[in-house]
Amino acid sequence: MAKDTLELIDHVGWTSQRQLHVIGISLGGMIGQELVIISFQFNKESSLLSPDVGFDDVQLDSIKARTFSQPWLNETDAEGHFPTNGDRWAAQELAKRQNVEGFTKKGFILQAIAVNWHHKSAAQLKQLGDQVGRNRILVIHGTEDRMITQPHGDLLVKELGGEENGVTRCVAEGRGHGLPMEWRRELTKVIAIFVEKTGKL
């Protein structure tokens, strides 16, 4: 997947040194790590967010509980179409899974394998920090993330070189794995500020 991304970047011509901002969420964060390691000269910044079938109501509830914080799920839907945010997410998830061309069984299985087999050693993460520059790395993590738990975020920051050496850490208090949905405005601000900061380096 990182090689596919690199091929696309090359195709559109985003190949100048330090031209590219890499922002990855969940599996995308893992792909971002791979991308930086195989082609660090293209990277201006790395933002690693929440950085690792049959379907029924039980599975839906389980995924919902692992992905989002309960307070956010219980809040009234900000879009106004559903009673709660949890109901809106469930409707989106069901619609996605009914799209048999876009959401294939093979794709789902391969994504699960990619997530579960992804591993970066301490040496590889140190190399990533050295190559990109620790002051160009932002790690964001929700304290209620039950998919990739807080200790994983702590370990990632440490092995990238730590806050004391320039890695920026942002903790989303009370938020889960689905930060782009439940922490949307704050997340946008944090990333915009970081992109502006790295642009001046």
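Me: What should I know about the numbering and the model before starting?
Reply: Residues are numbered from 1 along each chain as its sequence is written, and side-chain values use heavy atoms, with hydrogens and water left out. The model is predicted: local features need pLDDT of at least 70 and side-chain atom pairs count only at pLDDT 80 or more, while totals for chains, interfaces and linings use all residues.

Me: How many aromatic pairs does the structure hold?
Reply: It holds two. Rings of Phe, Tyr and Trp (its six-membered ring) pair if their centres lie within 6.5 Å; planes under 30 degrees apart count as stacked, over 60 as edge-to-face and the rest as tilted.

Me: And what is the geometry of F68 and W89?
Reply: The pair is edge-to-face, with 5.7 Å centre to centre and 70° between the planes. F68 lies in the loop between α3 (57–67) and α4 (70–74), whereas W89 belongs to helix α5 (residues 85–98), so the pair ties together parts that are 21 residues apart in sequence. Helices (H or I, at least four residues) and strands (E, at least two) are DSSP runs, numbered from the N terminus.

Me: Are F68 and W89 buried or exposed?
Reply: Both are buried. Buried means under 20% relative accessible area, exposed over 50%, and partly exposed in between (1.4 Å probe, protein chains only). Ring pairs also link F68 and W89 with W72 in a cluster.

Me: Changing topic: how many salt bridges are there?
Reply: The structure holds nine. A salt bridge is a side-chain nitrogen of Lys or Arg within 4 Å of a carboxyl oxygen of Asp or Glu. One of them joins E34 and K120, at 2.7 Å from N to O. E34 is partly exposed at 25% relative accessibility, and K120 is buried at 11%.

Me: Which residues form a network of salt bridges?
Reply: K126, D130 and R134 are linked in this way. The closest N and O atoms are 2.9 Å apart for D130 and K126, and 2.7 Å apart for R134 and D130. D130 and K126 both lie in helix α7 (residues 122–132), four residues apart, about one turn of the helix.

Me: How accessible are D130, K126 and R134?
Reply: D130 is partly exposed at 43% relative accessibility, and K126 is partly exposed at 46%. R134 counts as buried, at 16%.

Me: Which residues of α7 are buried?
Reply: They are L125, L128, G129, Q131 and V132. After α7 comes G133, whose phi is positive, near 100°.

Me: Which residues make up the largest nonpolar core?
Reply: Its eleven residues are V36, I37, L125, L128, V132, I137, V139, L156, V157, L160 and V167. A nonpolar core is a set of buried Ala, Val, Leu, Ile, Met, Phe, Trp, Tyr and Cys residues joined through side-chain atoms within 4.5 Å.

Me: How do α7 and α8 pack?
Reply: They pack at an angle of about 65°, with their axes 7 Å apart. Axes are lines fitted to C-alpha atoms, for helices over the stretch in contact, and angles run from 0 to 180 degrees between N-to-C directions. A122, L125, K126, L128 and G129 in α7 meet L156, E159 and L160 in α8, where contact means heavy atoms within 4.5 Å.
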